[in-house]
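Please read it alongside the sequence and the coordinates.

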Amino acid sequence: MTVWRRQSPWLYLVPALALLIVFTYVPVGNMIWYSFHKWDGLDVTMDPVGLDNYVRVFTDERYWRVFLVSLYYFVASFAQIAIALYFAVVLSFEVRFRNLFKGILFFPYLLNGVAVGFVFLYLFQPDGTLDTVLRLIGLGGHTQLWLGDPDIANLSLAGTSVWRFTGLNFVLFLGAIQSIPGDIYEAADIDGANRWHQFRYIIAPGIRRIISLSFILAISGSLAVFEIPFIMTGGANGTRTFVVQAYQTAFQFRQIGLASAMAVVLLAVVLTLTWIQRKVLPDDEVNLS
């Protein structure tokens with residue numbers, strides 16, 4: 001009976017561990033194995049090529065240059081963090097129609113990424129919704145080829161990303177803020193602290209872990225953007241991200257080994273940047289009491 005009690009907690013973990021191994025670690029292992037081979041995804045045999053795929057990823061400009069496109073989404077991710085944090089702080093206090101504003105901010109995140117891409121595709125198309133609105137308010141001279149001009153296409157796509165993912169950060173920040181005990185705010189009010197002081201000395205330290213998590217999501221998300229550029233432009237006009245490039249390499253050009261090497265490189269970059277971020281912003285214990 002004692003042995004059974006010792007082993008029973010592990011039995012509850014078996015289903016979760018089995019799913020994790022089968023759908024995460026095994027595919028990652030296969031991906032690493034494919035990256036050392038030349039394979040079109042159809043042949044029974046694969047030709048070993050050693051590190052040739054990795055050398056090509058780092059030396060061929062077509063494959064590493066697309067990383068620069070991620071900078072647009074990286075900057076946009078910090079904009080959405082700032083917007084989400086602002087509204088989370090404002091709506092954590094008593095505001096009229098607070099629940100309505102919460103729903104409005106979170107609603108875009110509930111939409112499917114493909115649906116968002118098609119909606120904004122009609123918004124940005126020539127003589128589309130955005131151009132029509134600009135003409136109605138007397139700014140018709142500022143209409144652009146929002147998705148056709150390489151100089152502004154990535155800005156349009158990054159703006160779409162901000163609209164869609166701000167709600168996720170908003171909910172994370174709002175939940176963390178509301179977990180702070182209310183008596184701390186009452187004590188701050190008694191001491192004469194205004195809203196800025198409460199944010200600086202109570203809210204910001206209290207949600208430090210969530211802010212750190214948001215930075216991690218911003219880094220990984222900006223490097224792994226796929227749905228929005230793939231649906232709206234197909235990677236044309238200089239909007240091809242690293243993931244779109246890997247997808248096209250695998251399924252259009254039938255170079256599974258090279259695409260796997262690209263995926264391994266992306267995974268290594270994300271893990272490295274996350275490790276650096278954790279060193280710069282360590283997950284210290286927060287105690288406001």
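R254 sits in the loop that joins α13 to α14; helices (H or I, at least four residues) and strands (E, at least two) are DSSP runs, numbered from the N terminus. This is a predicted model, in which local features need pLDDT of at least 70 and side-chain atom pairs count only at pLDDT 80 or more, while totals for chains, interfaces and linings use all residues. Residues are numbered from 1 along each chain as its sequence is written, and side-chain values use heavy atoms, with hydrogens and water left out.

Although R254 is not a glycine, its phi is positive, at about 55°. Most residues other than glycine have a negative phi. D127, in the loop between α6 (113-124) and α7 (129-136), also has a positive phi, near 60°, and is not a glycine.

The loop between α13 (242-251) and α14 (256-280) also holds Q255. Leaving out residues up to four places away in sequence, Q255 touches W39, R56, Y63, T249 and A250, where contact means heavy atoms within 4.5 Å. Q255 and Y72 are 183 residues apart along the chain, and their C-alpha atoms are separated by 27 Å.

| Residue | Relative accessibility | Class |
|---|---|---|
| N169 | 5% | buried |
| Q255 | 25% | partly exposed |
| R254 | 32% | partly exposed |
| D127 | 55% | exposed |

N169 belongs to helix α8 (residues 153-178) and counts as buried because its relative accessibility is 5%. A polar atom of the N169 side chain lies 3.4 Å from the backbone oxygen of F165. Not counting residues up to four places away in sequence, N169 touches Q80, I81, A84 and S214.

The largest nonpolar core has 21 residues, of which F170, F173, I177, Y185, I203 and I207 touch the most other members. Such a core is a set of buried Ala, Val, Leu, Ile, Met, Phe, Trp, Tyr and Cys residues joined through side-chain atoms within 4.5 Å. Two or more residues come from each of α4 (70-91), α8, α9 (182-190) and α10 (195-206), and α4 gives the most, with six residues. Beyond its neighbours within four places in sequence, I203 is in contact with V89, F93, I177, I180, Y185 and Q198. A second, separate core of 17 residues includes M262, V264, V265 and V270.

The largest pocket has a volume of about 330 Å³. On a 1 Å grid over the protein atoms alone, a pocket is an open set of points where a 1.4 Å probe fits, with protein on both sides within 12 Å along at least five of seven lines; lining residues have an atom within 4 Å of a point. Of the 20 lining residues, Q80, S161, F165, L217 and G221 are the closest to the pocket centre. The elements giving two or more residues to this lining are α4, α8, α11 (208-223) and α12 (227-232). By class, the lining has eleven nonpolar, seven polar and two charged residues.

For the chain overall, the secondary structure comes to 14 helices and two strands. Buried residues make up 35% of the 289 residues, and the C-alpha trace spans about 80 × 75 × 30 Å along its principal axes.

Note on methods
Buried means under 20% relative accessible area, exposed over 50%, partly exposed in between (1.4 Å probe, protein chains only). A polar contact is a pair of N or O atoms within 3.5 Å; within protein, one must be able to donate a hydrogen and the other to accept it, and residues adjacent in sequence count only if both atoms are side-chain atoms. Grid points are joined across faces, edges and corners, and a volume is the space filled by probe spheres set on the points. Ala, Val, Leu, Ile, Met, Phe, Trp, Tyr, Cys and Pro count as nonpolar, Asp, Glu, Lys and Arg as charged, and the others, Gly among them, as polar.
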